[in-house]
Structure formats: C-alpha cells, structure tokens
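Hello,

Here is the model we talked about. Please open it alongside this note; what turned up follows below.

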Amino acid sequence: QVQLVESGGGLVQAGGSLRLSCAASGSILTINDMGWYRQAPGKQRELVAAISSGGSTIYADSVKGRFTISRDNAKRTVYLQMNSLKPEDTAVFYCKADRIVTRGGAGGYWGQGTQVTVSS
C-alpha cells in the first residue's frame with residue numbers, strides 16, 4: 001500500500017516562509033516525477049511545481065523566484081520551500097507522484113493535502 005503523507009502547512013503572515021514535505025511509503029521500487037499542486041476555495045487545482053527523478057524542475061509563473069521544489073530520493077521525500085508568501089498563496093497544497101512502481105504494479109498517487117493560510 002503506497003501512501004504520500006504531507007506535512008509542514010500552517011498559518012503564516014504575508015512575507016513569511018513555510019516548508020512543505022511529502023514522504024512516500026510502501027513497497028516502492030521507483031518514483032518518477034513528483035509535484036506540488038494547490039487548490040484555493042472556489043478554484044481549480046493547479047500545478048505549483050514539479051521535479052523529475054533526475055532533478056529537473058518546472059514552476060508556475062506565479063511562484064517563480066519565491067518557491068523551490070527539491071527531493072531526496074533516498075528518503076523518498078519531496079519538499080517545497082515557500083518564501084515571500086502572499087495571501088493569494090492560501091490554499092490546500094497536495095503532493096502528487098506521477099508514477100510509483102511497486103512489486104504489485106505502477107500508478108499515480110496523491111497525498112491528503114495540507115492547508116497553507118497566509119494572513120495579510
């Protein structure tokens with residue numbers, strides 16, 4: 001049973017920082033691309049940042065220069081360092097693994113989400 005467990009969300013003032021973590025657990029052989037998405041109230045879920053197994057990254061224009069995605073393959077963990085947070089960053093942040101290969105097969109997985117609230 002594969003699980004993605006996020007942590008690190010919370011309440012922060014505008015201009016502050018938070019670091020999200022997402023750890024994968026289970027009988028995992030390989031993890032391909034991983035990413036962070038967010039969904040604000042009344043809005044569609046959107047890609048924030050993604051990272052390949054080799055470390056290549058992409059970012060949404062709205063977070064470029066403020067957020068940094070990284071991963072530790074040995075720990076099966078992906079991180080999102082968020083600096084200079086703005087009230088419009090308030091959302092539930094979700095971790096996603098595009099393809100996790102286990103002894104039983106392969107598939108994509110989502111975490112349960114972690115709330116990030118930025119006060120003005």
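A disulfide is counted here when two cysteine sulfur atoms lie within 2.5 Å of each other. The model is predicted. Searching the whole structure by that criterion gives 1 disulfide.

The disulfide

The bond links Cys-22 and Cys-95, with an S to S distance of 2.1 Å. Cys-22 sits in strand S3, residues 18-25. Cys-95 belongs to strand S10, which spans 91-102. The pair therefore ties together parts that are 73 residues apart in sequence.

Which hand does the disulfide have? The torsion about the S-S bond is about -75°, so the disulfide of Cys-22 and Cys-95 is left-handed.

Are the two cysteines buried or exposed? Cys-22 and Cys-95 are both buried, that is, under 20% relative accessible area.

Positive phi

Two residues to check on the backbone: Arg-76 and Ser-84.

Arg-76 is not a glycine, yet its phi is positive, near 55°. Where is Arg-76 found? Its place is the loop between strand S8 (67-72) and strand S9 (77-82). Arg-76 has 29% relative accessibility, so it counts as partly exposed.

Ser-84 is also a non-glycine residue with positive phi, about 50°. Ser-84 lies in the loop that runs between S9 and strand S10 (91-102). S10 is also the strand that holds Cys-95. The relative accessible area of Ser-84 is 41%, so this serine is partly exposed.

Best wishes

Terms used: Residues numbered from 1 in each chain as written. Predicted model: local features only at pLDDT ≥ 70, side-chain atom pairs only at ≥ 80, totals over all residues. Heavy atoms only, no water. Helix = DSSP H or I, 4+ residues; strand = E, 2+ residues; numbered from the N terminus. Buried < 20%, exposed > 50% of the residue type's maximum accessible area, 1.4 Å probe, protein only.
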